[in-house]
Amino acid sequence: MSQQFDLVVIGGGPGGYEAAIRAAQLGFKVACIEKRIHNGKPSLGGTCLNVGCIPSKALLDSSHRYEDTVHHLADHGITTGEVNFDLAKLLARKDKIVDQLTGGIDQLLKGNGIEWLKGTGKLLAGKKVEFVSHEGETQVLEPKYVILASGSVPVNIPVAPVAPVDQDIIVDSTGALNFPEVPKRLGVIGAGVIGLELGSVWRRLGAEVVVFEAMDAFLPMADKALAKEYQKLLTKQGLDIRVGAKVSGTEVNGREVTVKYTQGGEEKTQTFDKLIVCVGRKAYAEGLLAEDSGIKLTERGLVEVNDHCATSVEGVYAIGDLVRGPMLAHKAMEEGVMAVERIHGHAAQVNYDTIISVIYTHPEAAWVGLTEEQAKEKGHEVKTGQFGFAVNGRALAAGEGAGFVKFVADAKTDRLLGMHVIGPAASDIVHQGMIALEFVSSVEDLQLMTFGHPTFSEVVHEAALAVDGRAIHAIQRKRK
Ligand code: FAD
Ligand code: NAD
C-alpha cells in the first residue's frame, strides 16, 4: 500500500537533507529518497559529504600538515627526523570522516522522524512520485509537495573521456580523491575550484602538477587584484598553471597519458601518470522526470525555477545544483530551507547577492559581493581599500603573512559592495563581509568598530580604514 507523505524530497545531499529536516521541524510527514551507494552501502549527504566538500577538505588538511611539517616547522626552531606519510592511512582517515558525517545525517533523519527511502525517485505527472527501491520494488507516492534535489555530476569532455566506472589514468574529481599512490606527473584540466584544491593536495604530497586552463585569464570570476596575487602565490608553491592552454586531445599509452594542447597558437604535448578532468559540473536529472511531469528544463539542462525555487508545476520545488546559481553546498542548503518555509507559508528568501565563494587552498581565497570590475560595470562610482597580512602581528606570529583583504564600496554612498580575502582563515574572515553586506553596512560602520588585538581580523578593520586612506599600520597618501 502506498505511504502518505506531506513532502517527498528526491535527493539526500545538502539541499535535500536540510529541506527534509526543516520540513520535519515544521510538522510535515517527510520522506527523502536517496539512491547513492558509497563504498558498498547506501549513503546520505550527496556529492558534498561523499565525494565533494568533505573528503577534499580532509585531504587538503592532511596534505597541508605534511607540507607545513616538512617546509615550515624549522622556521619555528622545531626539528624533526625524516618526515614521511602513509597514503593508505591518509585516505582511510578521509573515508572515516565521510562515514562519520554521512552516518550522522542518517541519525538526524531518524531523529526527526523522516523516512529515508533507499532507491530512485522519479516525478510523474500530477505531482506523483515513483519510488523504486534498491531491491527493485516499486511504489507510487502521492505527496502534497515535492522537492527535487538531485544535484550535479562532472562535465565529461570528449577530448579527455573519463571511464564511467573504473576510472584509472584519466579521472574526475571522485577518482582524484583516491589515487592509490602519489602520481609523479599529474595533469589537471581546468584551473577552477576543483583543479586548484585537488591540484594543491597532490602537489603537496609530491606530484609535479601542471594545470591547463583554456581561458586567457586566471579565475576570471574573481576580483582581478585577488586573482593576480593568488596566481602568484600558487605558482610560487610549485603549481604550474598554464592559462590560455586549451586541451585538444589525450592518448593513453600503457600507464601514462599524453595531453595535446594549444597555447599561444602553438600545438604542444605533455605526458602524465594521471590526469584530472575538472572543467565544471552539470545538473543531474537523468531518470528524474517522467516525460509528462510538467517540469521545464533550461537549455543547459537545469530545472527552471523562480526566485523562490518553485518549478513550473504547482507544489513542486527544485533546489541546489539542479537549478540556476552557484553550485555550492551552502546555497543548496538555504534553498532547501527556503522552499520548505515557503510551502509552510513563510516569506522566506535567499539573498543570492551574499553567497560566499571559497577556495580552500593555502592560503585560502574567499569573496562575497561584487568585484571591483563588476561594481564598475554596474555603474557604481567605486572606491576600494586593501590591506595586507604582511604587517599584521598575529599573521606574522603564525608565519602567515601572505595575502590581503580588499573592500569594494560605492564612493557616493559609502555602501559596502564586496569583500575579497586571500590569506589565513579567509574562509572564516569573509563571513564578516557577508554579515556586513546583509546588514547593508557602510564602510564607516566597519571603521568605527573595535577589532580584537592581535587577530587576523584586524586586517579587515585596516582594509576598511584604507578605503578612506586611514589605515594605521601603513603610510597612506589619502587623508580624510
Ligand atoms: P548533491 O550533493 O549532488 O546531492 C544530490 C543527491 O541526489 C545525490 O546524492 C544523488 O545520488 C541523489 N539523486 C540524484 N538523482 C536521484 C534520484 N532520481 N533518486 C534518488 N536520489 C537521487 N561546495 C561547497 O559549498 N564547498 C566546498 O568546499 C565544495 N567542495 C566540493 C568539492 C568537490 C570535489 C566537488 C565535486 C564539489 C564540491 N562542492 C563544494 C559542491 C557541492 O558538493 C555541491 O554544490 C552540493 O553537494 C550540491 O548539493 P545538492 O543537494 O544540490 O546535490
Ligand atoms: P569550475 O567551473 O570552477 O572550473 C572549470 C574550469 O575549467 C574553468 O576555469 C574553465 O575555463 C576550465 N575549462 C573548461 N574546459 C576546459 C578545457 N577544455 N581545457 C582547459 N580548461 C577548461 O569547475 P570545477 O573546478 O570542475 O568545479 C565544479 C563546481 O564544483 C564549481 O562550480 C564549484 O561551484 C563546485 N566546487 C566548489 C568548491 C568550493 O566551494 N570550495 C570546491 C570544489 C567544487
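Predicted model: local features only at pLDDT ≥ 70, side-chain atom pairs only at ≥ 80, totals over all residues.
**Stop 1: ligand 1**

Start by selecting ligand 1 and showing the residues around it. There are 39 of them, and the closest are Glu34, Thr47, Lys57, Asp321 and Ala329. Now pick out Glu34: one of its polar side-chain atoms sits 2.7 Å from an oxygen atom of ligand 1. Go on to Leu328, where a polar backbone atom is 3.2 Å from an oxygen atom of ligand 1. Then select His330, which has an N or O atom in its side chain 3.3 Å from an oxygen atom of the ligand.

How much of ligand 1 does the protein bury? On its own, ligand 1 exposes 1,000 Å², and 94% of that is buried by the protein. To see which parts of the fold take part, colour the elements that give two or more residues to the shell: helices H1 (14-25), H2 (46-51), H3 (53-71) and H7 (329-343), together with strands S2 (30-34) and S5 (115-123). H2 gives the most, with four residues. If you colour the shell by residue class, you will find 15 nonpolar, 18 polar and six charged residues.

**Stop 2: ligand 2**

Next, move to ligand 2. Its shell holds 21 residues, and the closest are Glu197, Glu213, Gly280, Met327 and Val358. Three of these names are worth a click:

- Glu197 places a polar side-chain atom 2.8 Å from a nitrogen atom of ligand 2.
- Gly280 has a polar backbone atom 2.9 Å from an oxygen atom of ligand 2.
- Val358 has a polar backbone atom 2.8 Å from a nitrogen atom of ligand 2.

Taken alone, ligand 2 exposes 850 Å², of which the protein buries 78%. Helix H5 (193-204), strand S12 (208-213) and strand S14 (245-253) each bring at least two residues to this shell. Which of them supplies the largest share? That is H5, with three residues. By class, the shell around ligand 2 has 15 nonpolar, three polar and three charged residues.

**Stop 3**

To view the contact, show Ser56, Lys57, Leu59, Leu60, Ser63, His64, Tyr66 and Glu67 on H3. On the H5 side, show Glu197, Leu198, Ser200, Val201, Arg203 and Arg204. Sorted by class, the contact has five nonpolar, four polar and five charged residues.

**Stop 4: details of the backbone**

Finish with a few loops. Select His362 and Pro363: the peptide bond between them is cis, with omega near 0°. Pro363 belongs to the loop between strand S20 (357-359) and strand S21 (364-369). Val358, from the second stop, has its polar contact with ligand 2 through the backbone.

Now jump to His453 and Pro454, which are also joined by a cis peptide bond, here with omega about -5°. You will find Pro454 in the loop between helix H11 (443-447) and helix H12 (458-467).

Last, where is Asn39? Look in the loop between strand S3 (37-38) and strand S4 (41-42). Phi of Asn39 is near 45°, a positive value in a residue other than glycine.

Conventions
Residues numbered from 1 in each chain as written. Chains lettered and ligands numbered in written order. Heavy atoms only, no water. Near = heavy atom within 4 Å. Polar contact = N/O pair within 3.5 Å; in protein donor to acceptor, adjacent residues only side chain to side chain. Areas by Shrake-Rupley, 256 points an atom, 1.4 Å probe, with all protein chains shown as cover. Nonpolar A, V, L, I, M, F, W, Y, C, P; charged D, E, K, R; others polar. Contact = heavy atoms within 4.5 Å.
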